[in-house]
Amino acid sequence: MIYPAAGSMLYMLLELITAFLFGGLLLGLHRKIIARIQGRPGPPIVQHLIHTFKFYIKELTIPETSSMPLYVAIVLALSAVWVLAFLVGPVLLGPFSIIIMCYAVHKVSEHGIGLASGSPYTKMGSTRAVLSATAEMPLIVAPALVFFKTHTLVLSDIINYQILHGSLFMDLPLAAIATFILLLSKTPFNPFGIVWGKDIVSGYKTEHFGVIRGVMMFGEILGFFVLLWCFLTIFFGGIFNTPLTIMLTMIGVTIILGFICALTPMIAPYHSVMIQWIFALLALINVLFI
Amino acid sequence: MPYFDYLPHIVLFTVGTLIGLEVSYKWHSEPFVNKKIEPIPLIIALIGGGLIVIYAPLGLLFLGFVVGMRPGYGVYETVLGILFALILWVILVII
């Protein structure tokens, strides 16, 4: 097979399309599993992709109460940060710190999306986005522990370290669990998903429809793929370091996430933050093993 | 090795699920009552399971057809197709 040059625009575009389609199918599988556990037939696996594409041909409505430039631009920013995170992570195996930065900007984007429309529901979602940002401690703790252990935050070096010394999960199991909780908190219908809570309709994205919602969903699909990839690469990089093994394991992790999401109710906002903090603090016990 | 090595697999599987969804709604417009194994989806699943060992993207197209069928339909057929693929893989590759 003839490959485009690694790092070229075509190469990145093909990687992006692959990740988008695969991530979309994973989220469809996630919904299917939740439905099956709850005794419903559930939507077809391809539903999440159909749903995303559908928004691209729907009419774009912008509420009169919205701040129009922010309403549009912040959604583009949300997608752009995940595209950047995807290119830096799975494609180029670059610095993990850039992915963390992208994640932080993603939280800011969630806040901005909520504020931009002027709806009280989205504003409440936006406020919760800030509250949930305080729960992202595993995002700081886990990379710090990985750095202390491997003396690098460059993803290719972390993978090489694990190929030589074994997966970091064996050395930092509590950090891996804390990161898994973080991953869970970014999965749809999760117990910590206070920003999308149905008590506030759809949270910060209640007022976003049409192509702008499609762009948002594109970013979310890529985000799910990137977070799954980061979790597997950083803690299981010694075992899963080829695209096939990573993609198959992603399916397995999605099934586990589906079970958890189906069997746990949504937690109250403050409890959600507290539980994630507890896991982050538990992860600090791993400092003793470094 | 890049991820887009598996782009044909993913695209054909997705196309298969879309075709399966459309066709199964043509076959079954009634409320969901059917819990039997249907012959045509079963044959498609077995063809998919067989092809997946020979040329995976094409096998995934056929398997995607039964996976993507109208919610509630094609479940047993999918399981049988995957089991057939596993048995065939063990026979042809492992043994």
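Me: What radius of gyration does chain B have, against a compact globule of 95 residues?
Reply: The radius is taken over C-alpha atoms, and the globule rule is 2.2 Å times the number of residues to the power 0.38. With 95 residues, a compact globule would come out near 12 Å. Chain B agrees with that, at 14 Å.

Me: What is the basis of the model and its numbering?
Reply: The model is predicted: local features need pLDDT of at least 70, side-chain atom pairs count only at pLDDT 80 or more, and totals for chains, interfaces and linings use all residues. Residues are numbered from 1 along each chain as its sequence is written, with chains lettered from A and ligands numbered from 1 in the order written.

Me: How many helices and strands does chain B have?
Reply: Helices (H or I, at least four residues) and strands (E, at least two) are DSSP runs, numbered from the N terminus. From that end, the elements of chain B run α-α-α-α. The count is 4 helices and 0 strands.

Me: Which helix gives the largest share of the side of chain B that touches chain A?
Reply: Contact means C-beta atoms, placed from the backbone, within 7 Å. By that test, 18 residues of chain B meet 21 residues of chain A. The largest share of the chain B side, 7 residues, comes from helix α1 (residues 7-27) of chain B.

Technical notes
Contact = placed C-beta atoms within 7 Å.
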